[in-house]
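Colleague: Could you help me learn how to read some features of a protein model, beginning with a single residue?

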Amino acid sequence: MNAENEKLRKALEPIELRGNDPKGQIGEMILSLPLFQDLEAKDVDLLARFVRPCRVREDVVIFQEGDEGDFMGLIVEGLAEVRKQNSEHESVKVAAEGMGRMLGEMALVDGEPRSATARFVKSGTILLLNKEAFDRILSQHPHLGISILLRICRMLSQRLRRTTGVLSDYLHQ
């Protein structure tokens, strides 16, 4: 287990699901996310087998800039602040991500170290998808894997468009 996973394990509280249908409860969490509301029922059930629901307390850092990245989180509830160090080594807020948004997907896709730090500023719930599970989805269930990758691409595209707009405004000042 790498250092990031060890820190994360200590910081997060796995949600103990009760009753006869724990995967159904996870499926409900998945469907509560706008990003996955159009996912077919069989794919929701399949994805539910690969994610792990966890509670995140306020002020918990789920990853730090420069850490090895081998998981992403889907925010079911709560609010995370994303910060990046600038050239003067100051921590600058670059985003606030809430319900339905992803955290850590870039490192999961490209294998590079974390590009920013994510800290929950309002406690909540996330669904964790680790790299090993994501790779299994891609190899054993390519239809679902492609669907997840397309959703990640759409979210990255939205973020890039937003960033380009901010950069354009900054350059024209």
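Modeller: Let us start with Glu97, which counts as buried because its relative accessibility is 4%, where buried means under 20% relative accessible area, exposed over 50% and partly exposed in between, with a 1.4 Å probe and protein chains only. This is a predicted model, in which local features need pLDDT of at least 70 and side-chain atom pairs count only at pLDDT 80 or more, while totals for chains, interfaces and linings use all residues. Residues are numbered from 1 along each chain as its sequence is written, and side-chain values use heavy atoms, with hydrogens and water left out.

Colleague: Which side chains make a polar contact with the side chain of Glu97?

Modeller: A polar contact is a pair of N or O atoms within 3.5 Å; within protein, one must be able to donate a hydrogen and the other to accept it, and residues adjacent in sequence count only if both atoms are side-chain atoms. The side chain of Glu97 has such a contact with that of Arg101 at 2.9 Å, and another with that of Arg159 at 3.5 Å. Glu97 itself belongs to strand β5, residues 91-97, where strands (E, at least two residues) and helices (H or I, at least four) are DSSP runs numbered from the N terminus.

Colleague: Which residues touch the most other members of the largest nonpolar core?

Modeller: In soluble globular proteins, nonpolar side chains tend to be buried together. A nonpolar core is a set of buried Ala, Val, Leu, Ile, Met, Phe, Trp, Tyr and Cys residues joined through side-chain atoms within 4.5 Å. Here the largest core has 27 residues, and those touching the most other members are Ile30, Phe36, Leu47, Leu127, Leu129 and Ile148. A second, separate core has 18 residues, among them Leu103 and Ile126.

Colleague: At what angle do α3 and α6 pack?

Modeller: Axes are lines fitted to C-alpha atoms, for helices over the stretch in contact, and angles run from 0 to 180 degrees between N-to-C directions. The angle between α3 and α6 is about 85°, and their axes are 11 Å apart. The two helices are therefore roughly perpendicular, since angles of 65 to 115 degrees count as such, under 35 as roughly parallel, over 145 as roughly antiparallel and the rest as oblique. Where they meet, Lys42, Asp43, Leu46 and Leu47 of α3 face His143, Leu144 and Ile148 of α6 in contact (heavy atoms within 4.5 Å).

Colleague: How many disulfides does the structure hold?

Modeller: A disulfide is identified as a pair of cysteine sulfur atoms within 2.5 Å, and the structure holds zero.
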